[in-house]
Amino acid sequence: MKYIDEFRDGGVAQKIAERLRQEVRPNRSYSFMEFCGGHTHAISRYGVSELLPANVRMVHGPGCPVCVLPIGRIDLAIKLALERGAIVCTYGDTMRVPASDGLSLVRAKARGGDIRMVYSAADALQIARQNPQREVVFFAIGFETTTPPTALAIRDAHKEGLANFSVLCCHVLTPSAITHILESPEVRQFGTVPIDGFVGPAHVSIVIGSGPYEHFAQEYRKPVVIAGFEPLDVMQAVLMLVRQVNEGRAEVENEFTRAVNRDGNLNAQALVSDIFELRPSFEWRGLGEVPYSALKIRPGFAAFDAERRFQLGYQPVADNKACECGAILRGVKKPTDCKIFGTVCTPENPVGSCMVSSEGACAAHYSYGRFKDIAIVAAA
Amino acid sequence: MSIVKKDYIRPLDIKNGRIDMGHGAGGRAAMQLIEELFLAAFDNDYLRQGDDGAAFAIPQGERMVMAVDGHVVSPLFFPGGDVGCLSVHGTINDVAMSGARPLYLAASFILEEGFPLADLKRIVESMAAAAREAGVPVITGDTKVVEQGKGDGVFISTTGVGVVPVGVDVSGRNARPGDVLLLSGTIGEHGVAVLSQRESLEFETTIRSDTAALHTLVAAMLQAAPGGVRVLRDPTRGGLATTLNEIARQSGVGMLLQEDAIPVLPQVDAACELLGLDPLYIANEGKLVAACAPEAVEAVLAAMRAHPLGAQAARIGSVVEDPHRFVQMDTRFGGRRVVDWLSGEQLPRIC
């Protein structure tokens with residue numbers, strides 16, 4: 001595929017790998033957090049870690065939107081389908097996230113809930129138009145990438161005066177999550193999670209631009225390199241981060257210039273700010289309550305806010321005690337550090353959210369990389 | 001089946017008619033549906049006898065194979081096919097993957113009250129055409145009608161019987177380290193063609209389902225290298241990845257694939273990229289994967305490439321020793337990864 005295969009060229013990968021081997025300093029280690037699940041997926045799917053020098057470690061961050069969705073939020077969506085009789089529409093990989101009482105949206109569907117997988121917020125809107133006698137709720141999740149389409153759906157529903165459409169808004173913000181990690185005791189005080197820099201998000205940055213990361217680079221002295229989701233993008237970003245570390249720089253650099261600029265998509269930002277406002281606090285799975293880290297629908301569009309429309313009260317629900325998702329999402333632990341990884345918790349029966357989406361650190365390691373944990377014979 | 005004089009009853013209104021509960025009640029309406037639709041389409045000596053079952057002779061000295069397959073595809077019509085031809089091809093392929101020559105099919109229809117007769121006729125005729133083309137007649141069948149809301153239009157279950165020629169031993173248990181894995185052509189077309197017709201996903205695509213009966217391709221492969229083909233399997237639901245994991249598990253071996261060697265149409269690759277899906281897990285209905293003894297590979301591959309359904313055949317990897325029965329793949333990028341079982345349904349990624 002043109003514009004894709006160029007970024008998956010094994011020959012170029014070998015060249016970057018060689019450059020990295022030459023440039024890393026043997027007497028130190030490098031830890032970089034890839035914030036986005038898309039990067040985690042690419043690293044696992046293409047075997048990028050194998051091409052990196054042994055002293056360069058990738059830490060999987062909390063950038064998988066499915067993984068950071070707290071149980072209580074999924075419970076609300078299930079309640080809307082099972083108790084309020086609403087048609088609940090959501091993105092594909094949200095369907096399997098474990099909720100309370102052994103449920104998930106997929107299992108709630110099997111119990112009779114009208115839960116539908118959609119590919120965009122606009123599809124949910126269309127379902128509302130086609131079912132005027134039913135309440136249709138779009139369970140909106142995701143970072144800045146998926147927020148503008150939700151805003152557009154609400155704006156269109158408002159213009160049309162659609163009376164049966166609302167949004168259960170769970171959109172979260174990337175910069176607040178990065179700040180939260182940098183402020184966490186593990187990183188700041190205990191030093192248990194060395195983070196030398198960030199591979200910055202791809203799609204998110206198309207919307208918000210590279211500007212919002214400058215604060216981290218300056219304030220926390222952490223270099224950020226924004227990178228695309230192709231494996232060569234990731235390798236190039238790692239090389240750029242290594243160079244910054246070696247030279248003692250902490251800047252925002254942009255590897256993904258083919259799609260990202262400093263300001264981002266101003267039209268999308270304006271639309272989002274018309275429809276949404278900041279929530280003072282929002283619970284993230286694994287990170288707990290994070291201040292000013294999520295969006296809610298402005299009072300002017302209250303009719304389209306499922307939380308107000310159905311008078312939903314949020315009830316936080318604790319994760320399974322044996323599950324280490326929280327620590328894994330903060331980069332404190334690796335999937336294999338979790339006692340239930342690959343035994344009780346598998347992609348078929350995910351206990352924690354990191355095992356659900358292929359972008360989750362546990363699912364990515366289980367699906368693509370677990371052969372590395374076991375010595376096997378693989379003679380051709 | 002008895003013969004009802006057509007003069008005394010009004011013919012089926014195929015254009016505007018719909019299935020009602022009477023069509024499943026075993027009375028005159030049911031008889032009329034069978035005669036005017038099913039018998040007309042599938043017409044052959046066995047069906048015309050009108051018994052509840054069909055008696056046929058058993059070839060001497062050969063092993064028989066029986067396979068059954070249920071077809072619940074949605075939508076019922078998709079680019080390149082429909083549930084009708086799919087139900088014929090799928091079952092013929094299940095029989096053929098045992099190395100057998102398919103002989104006969106049986107078909108069971110579960111129809112939903114209210115289903116348009118015109119659509120049913122289209123499906124049945126497509127099924128009949130597929131059976132004729134394959135030379136595998138439908139010799140017995142059954143029809144039931146369920147109330148509206150209790151079905152999804154049409155469910156078709158087909159059973160196939162066939163015979164395994166003497167000396168042929170093909171099974172998922174037979175793969176051995178050193179065997180070479182062959183794939184008959186590009187993967188993912190059926191799944192993407194069906195997906196492209198689903199609600200709200202009408203992307204502009206020319207991708208057609210690859211649905212096809214593979215028994216003549218199988219016969220050519222078996223003939224090319226007697227005893228050389230050890231495993232045959234058609235990678236339908238769950239795609240190539242799941243099929244290879246099944247074989248690895250059955251045979252107690254591992255596999256090592258070369259990503260570069262697996263043929264995928266650029267349109268399929270692009271559609272999967274867009275939806276965050278992996279072509280390795282997408283369904284096929286006209287492809288097969290084989291494990292062959294190393295000395296038989298060239299002959300089998302040549303026979304495959306000489307057949308229209310195997311023109312794109314490729315050597316995609318090999319069977320290796322591995323007590324953990326992992327299927328692994330050397331990626332085009334230069335890394336190595338596990339190609340795991342599909343977990344549940346493959347769901348599109350959010351961004």
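1. A word on the model first: it is predicted, with local features needing pLDDT of at least 70 and side-chain atom pairs counting only at pLDDT 80 or more, while totals for chains, interfaces and linings use all residues. Residues are numbered from 1 along each chain as its sequence is written, chains are lettered from A in the order in which they are written, and side-chain values use heavy atoms, with hydrogens and water left out.

2. Take a look at B:L232, which sits in strand β8 (residues 229-233) of chain B. Strands here are DSSP runs (E, at least two residues) and helices are runs of H or I of at least four, numbered from the N terminus. B:L232 counts as buried because its relative accessibility is 1%; buried means under 20% relative accessible area (1.4 Å probe, protein chains only).

3. Beyond its neighbours within four places in sequence, B:L232 is in contact with residues including B:M97, B:V170 and B:V289, where contact means heavy atoms within 4.5 Å. The C-alpha atoms of B:L232 and B:V289 are separated by 5.8 Å, though the two are 57 residues apart along the chain.

4. In chain A, A:S104 lies in the loop between β3 (87-91) and α4 (105-110). A:S104 counts as buried because its relative accessibility is 7%.

5. Chain B is assigned domain 1 (21-48 + 62-164) and domain 2 (180-338), with bounds from an automatic or database domain assignment. Their C-alpha centres lie 27 Å apart, and 21 residues of domain 1 of chain B are in contact with 21 residues of domain 2 of chain B.

Definitions and conventions. Buried < 20%, exposed > 50% of the residue type's maximum accessible area, 1.4 Å probe, protein only.
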